[in-house]
Amino acid sequence: LGPYPAGQSIELIACTDGGPGTNLQTYDLPVPAGAQGDLLVAVISADSNNEVITMPAGWTPLAAQQGTGFSSNVFIKIYDSEPSEYAVSWSQSNERSYGYMISLRGASGLFSTVTNGGSSIAPLAISINTVQDDSLILYTLAADRNRIDPEPAAGTIAPPHTDITQNNEGNGNGSVSGAGAYTYVATGGDPSPVATFALTQTEGWFTRTIAFEPMQFNLSVDQATTSVCTSSTQVTLRVEDSDGVTMDFFEGTVTITASGANAATSSWTDPNSTVTNAASAVYTFDAGDNGIAVFDYDNSVAGSLTFDIVFDAFTATTTAALTINQCEFRIAYADGVMGACSSEDITVSLFDPVADVPATDYVGTVTINNNETRGSYTSGAAGFANGAAGIASFDLSITGGVGTNSAVLSYFDTTVDPVINFGITEDSGSGITEDINDPTDDPNLQVTLCEFRLVWTGDNLS
């Protein structure tokens, strides 16, 4: 029937159905549209009791249901390089059969199921206790004879659930019927609603209620806190089932979206270099990933971040969080006191203050100034330039711990002053300044008066 609603953790992508059109012992059931990693579900009914219904290698039967005059089974497999159709067979005699196949996107392959059976005009698919949040509940019906309305009006197969298909094969005693509908249960542990199908007359039937669990996107960061001047944070995305087993067959395009005031300055890299450097990283899993992708994440702006996963039309909120701390420049002096006729060495160092470790990743031009807007500097630092009014600049470059996080400048000032304080700015976009929270990391420099000293070589003049 379709189209089927999108935006759920498991989406029904497409459905095909069919039958032999006459009394046979096999027929070809078309494969619906799908993609690598989808879950295929085939629901087959045959008009004969005690039939053993089979599908080719690779399909897993859930459990046969056999009754007076008809038989049924459900099969599943992971969508791979699929043919256009699969042969459906049964064991005993030439009979009519009706089957349909659906493709589910986002299903992990884990499921639980309950069955029911009877003879009535209103077949009942009973409730099942779910395990995981956002489970898709599939209700299947197999009924003897053609006691069903083929492809009825929308919303009438098993209201209020979403229609999949409803049809029959054959006439009179030599016929069989089938139907399907589905719904969702948002909270794991909650029971599913029941589903009531409708026959045109009292007849024997089987129903099955199957709770398919969604795949889980497990995003983890190797450290909960980092800074704007230290190495990348490693972010690992695993596609798993609810048992924590990696779905190594998964292929598909996943978007990791960072949320936070500094999300727009995100930078992502991966071994395949296929992600984008922005708030969102778009990555396509292939067979070689085996359900795991690892990224290096950087951000040049301090702030707190959370991450969501978008797969197809579904958004999954993760528990992964990352705090990017601001870095600081620390100022240290050789003595802290200099004469107006001498100089003082000033060491400017870049640090991650939370971890109290030197910067390992930073590229930028650093500018030093002072509150008195005077003095001059000399330095052998890279890119050094001495400006006017107590201002100078130099370059710092360190990547992956290779490089330097500090520079030494010699400061000259001929004016006596008890308090000279230096400020730092830089141009990387991170907004790093000198430490203003811990005075010991931003001390004052004192310039004292110089003096002439007289020294003589003897005790007496003669």
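1. Two strands count as paired if DSSP finds at least two bridges between them. In this predicted model, strand β11 meets that condition with β15 (residues 203-214), the two running antiparallel over eight bridges. Within this pairing, Leu 136 has Phe 212 of β15 as its bridge partner.

2. β11 also pairs with β13 (residues 174-185), again in the antiparallel sense, over 10 bridges. Here Ile 137 stands opposite Thr 183 of β13.

3. Is β11 buried or exposed? Of its 10 residues, 10 are buried, so the strand is largely enclosed by the rest of the structure. In a regular strand, side chains alternate between the two faces of the sheet. In β11, Ser 135, Ile 137, Tyr 139, Leu 141 and Ala 143 point one way, while Leu 136, Leu 138, Thr 140, Ala 142 and Asp 144 point the other way. The residues of both sets are buried.

4. Some backbone details deserve a look. Asp 134, in the loop between β10 (124-125) and β11, has a phi near 60°, a positive value in a residue other than glycine. Its relative accessibility is 26%, so Asp 134 counts as partly exposed. Asn 50 likewise has a positive phi, near 60°. Asn 50 is placed in the loop between β3 (39-46) and β4 (60-61) and, at 43% relative accessibility, is partly exposed.

5. The peptide bond between Pro 159 and Pro 160 is cis, with omega about 5°. Pro 160 belongs to the loop that runs between β11 (135-144) and β12 (162-171).

6. An open sheet of three strands has the order β26-β38-β35, with mixed pairing. The edge positions are taken by β26 (337-339) and β35 (417-420); each has a single partner strand, so one side of each is left without a neighbour in the sheet. On average, neighbouring strands of this sheet are turned by 25° against each other, direction ignored. β35 pairs with β38 (residues 445-448) in the antiparallel sense over two bridges. Ile 420 has Leu 445 of β38 as its bridge partner.

7. How many disulfides does the structure hold? There are two, and with the bonded cysteines numbered in sequence order the pairing is 1-2, 3-4. Cys 229 is joined to Cys 327, with an S to S distance of 2.0 Å. This link is left-handed, with -90° about the S-S bond. It connects distant parts of the chain, 98 residues apart: Cys 229 is in the loop between β17 (225-227) and β18 (233-240), and Cys 327 is in the loop between β24 (314-325) and β25 (328-333). Cys 229 and Cys 327 are both buried.

8. A disulfide also joins Cys 341 to Cys 450, with S to S 2.0 Å. The torsion about its S-S bond is about -100°, so this disulfide is left-handed. Cys 341 lies in the loop between β26 and β27 (343-352) and Cys 450 in the segment after β38, 109 residues apart. Cys 341 is exposed, at 62% relative accessible area, whereas Cys 450 is partly exposed at 26%. Cys 15 is partly exposed, with a relative accessibility of 23%.

9. A search of the whole structure finds 21 aromatic pairs. One of them is the edge-to-face pair of Phe 250 and Phe 285, at 5.3 Å centre to centre and 70° between the planes. The two residues are 35 apart in the chain, Phe 250 in the loop between β18 and β19 (252-259) and Phe 285 in β21 (residues 280-285). Phe 250 is buried, with a relative accessible area of 1%, and Phe 285 is buried at 2%.

10. Trp 268 and Phe 307 form an edge-to-face pair, with 6.0 Å between centres and 80° between planes. Trp 268 is in β20 (residues 266-269) and Phe 307 in β23 (residues 303-311), so the pair ties together parts 39 residues apart in sequence. Both residues are buried, Trp 268 as well as Phe 307.

11. Which residues form one aromatic cluster? Both pairs above fall within it: Phe 250, Phe 285, Trp 268 and Phe 307 are members, together with Phe 217, Tyr 283, Phe 295, Tyr 297 and Phe 311.

12. A charge-over-ring contact is found at Phe 351: the charged end of Arg 330 sits over its ring, 4.3 Å from the centre.

Key. Residues numbered from 1 in each chain as written. Heavy atoms only, no water. Helix = DSSP H or I, 4+ residues; strand = E, 2+ residues; numbered from the N terminus. Axes fitted to C-alpha atoms, helices over the stretch in contact; angles between N-to-C directions. Buried < 20%, exposed > 50% of the residue type's maximum accessible area, 1.4 Å probe, protein only. Disulfide = S-S within 2.5 Å. Phe/Tyr/Trp six-rings, centres within 6.5 Å; stacked < 30°, edge-to-face > 60°. Lys NZ or Arg CZ within 6 Å of the ring centre and 35° of its normal.
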